[in-house]
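Hi,

Here is the structure I promised to pass on. Have a look at it first, and then read on for what turned up.

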Amino acid sequence: MDQLIQQFFNIDIMVQALPTILRGLGMTLLICAVVIPLGLAGGLMAALASTARSRWLRWPAVALVDLFRAIPPLVLLIFVYAGLPFAGIRLSPFVAVAIAFLLNNSSYYGEVFRAGLISIGKGQWEAARSTGLTQRQTLTHVILPQATRNVLPDLISNTVEVVKLTSLASVVSLGELLHAADLARSVTYNASPLTLAAGVYLVLLWPVVRLLSRYQRRIAV
Amino acid sequence: MSKTTTRPAVRKPEAENGGAAPGAGRPTLEVIGLRKSFGTLEVLKNVSLAVEKSEMVFVLGRSGSGKSTMLRCCNRLEEPDAGEILLEGQPITGSGVNLDKVRRRIGMVFQGFNLYPHLDARRNITLALRKVLKQSRDEADTRAAAALTRVGLADKAGNYPSQLSGGQQQRVAIARAIALEPAVMLFDEPTSALDPELVGDVLGVMRELKEDGMTMLVVSHEMAFAREAADRVVFMADGHIVEQGPPEDLFTNPQHESTRAFLSRYSYGP
């Protein structure tokens, strides 16, 4: 038992590692700040393309979404970071992470938005267009507000997944939270920094998860 | 049915009228030789119909007779395969037409109301006023209040559709359409989704619109109302208009076999 506390819950080591871990947290938040908004935007575009009337838009969109949902994000990241240099494209770890996660996130967000879009009946489109609203105005003011609200819980849980996904960036030595913790572990020969990192993820995400459950309970009633 | 059978889309009523206001002397809404198929099913087979200004025309017929499709072609929610539709003498079919401009002149009321559930009654009405007519918030609010007053719901401006009864929702939908001051209103079975005790309110609003001079084309099964309030009744069967005339004539002395069969089924024959 002492061994466990010594190895995983060592307060001294945690205090020592804290500055490194906080720097890692900063990088994690930076990745999220890039990948989440872009992923939402990309997902929305994927959803619009995959529900478009034109098959020339629809088929490529569906194919790409399927592809990037089926490829494990870690494999995708390694391919972008370590594979593309063979094609003469050398990316910094941050850019590689941003691209790989963007492709992955956009497909997941895309599926969520698509479910939202098809949950809105044709009658809403017809009513809006019958008053002279353009297709774009109908989408912006009538369809998307309802579609987004219908899939809000899924959008939020997907976002929680994205935050956790950023820990994969440690494999390309991007100094985010997990990478920072692992660095501190290897310096101190002690696993407590990892426990601290887990605690940071928990503090970061638990309120979101809690709020989500409450929201889902409310709309279930 | 190919596009090539469409009649020439360009008409010049100005020339015929010697430069009078466009559409003067012409019916408000004119449907000429309309054809429409869904796959191999021919739903409209050469339908022609004119609705004069301030006229209320009722379209009757059993389901599948093509009456809703005809109505939906009038603001091109359905795209006709052939034929021509004119609004105040101006063609609204053909490729060069700005549909969004045309549609703001044609109000439509749906069987399922189709109110925007995320907006309250006022904003259901002001959305198009603000985005299509580019009105200021104050202008749009004022006009929405006037429209709601006209349908007897002045006190419901802040209510969301889910907080309104079916009849109230349909009246808000009517207010949404009339706020744009359309040249003609299309009603697609406006009372079919309502509980019987709520039908009267909606019909009452339609009667008041008629008294105010609104031009209306109505697809409905409200026979008693048609008989009492319509200027003209059109009977459709199998993609054709088989008979039309003043309601009294059509109800008491139907000429066509399918009209007789339809009216007797509704036990509203002579």
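A word on terms before the sheet: two strands count as paired if DSSP finds at least two bridges between them. With that in mind, and remembering that this is a predicted model, chain B has an open sheet of four strands in the order 2-1-4-5, with antiparallel pairing. Its edges are strand 2 (41-51) and strand 5 (90-91) of chain B, each of which pairs on one side only.

Strand 5 of chain B runs antiparallel to strand 4 (residues 82-87) of chain B, and two bridges join them. In one bridge, B:Leu87 has B:Gln90 in strand 5 of chain B as its partner.

Over in chain A, helix 6 (residues 122-130) is worth a look. How many of its nine residues are buried? Seven are, so the helix is mostly covered, with buried meaning under 20% relative accessible area. The buried ones are A:Gly123, A:Gln124, A:Glu126, A:Ala127, A:Ala128, A:Arg129 and A:Ser130.

What do these buried residues pack against? Within chain A, they pack against helix 7 (135-150). From chain B, the partners are helix 2 (67-73), helix 3 (99-103), strand 6 (106-109) and helix 6 (166-178). After helix 6 of chain A comes A:Gly132, with a positive phi near 95 degrees.

Finally, the annotation: an unreviewed UniProt entry lists residues 25-213 of chain A as "domain: ABC transmembrane type-1". Over residues 25-213, chain A is 80% helix and 0% strand, and the end C-alpha atoms lie 25 Å apart.

Happy browsing, and best wishes

Definitions and conventions: Residues are numbered from 1 along each chain as its sequence is written. Chains are lettered from A and ligands numbered from 1 in the order in which they are written. This is a predicted model: local features need pLDDT of at least 70, side-chain atom pairs count only at pLDDT 80 or more; totals for chains, interfaces and linings use all residues. Side-chain values use heavy atoms; hydrogens and water are left out. Buried means under 20% relative accessible area, exposed over 50%, partly exposed in between (1.4 Å probe, protein chains only). Contact means heavy atoms within 4.5 Å. UniProt positions are given in the numbering used here, feature names are shortened, and annotations may be inferred rather than shown by experiment.
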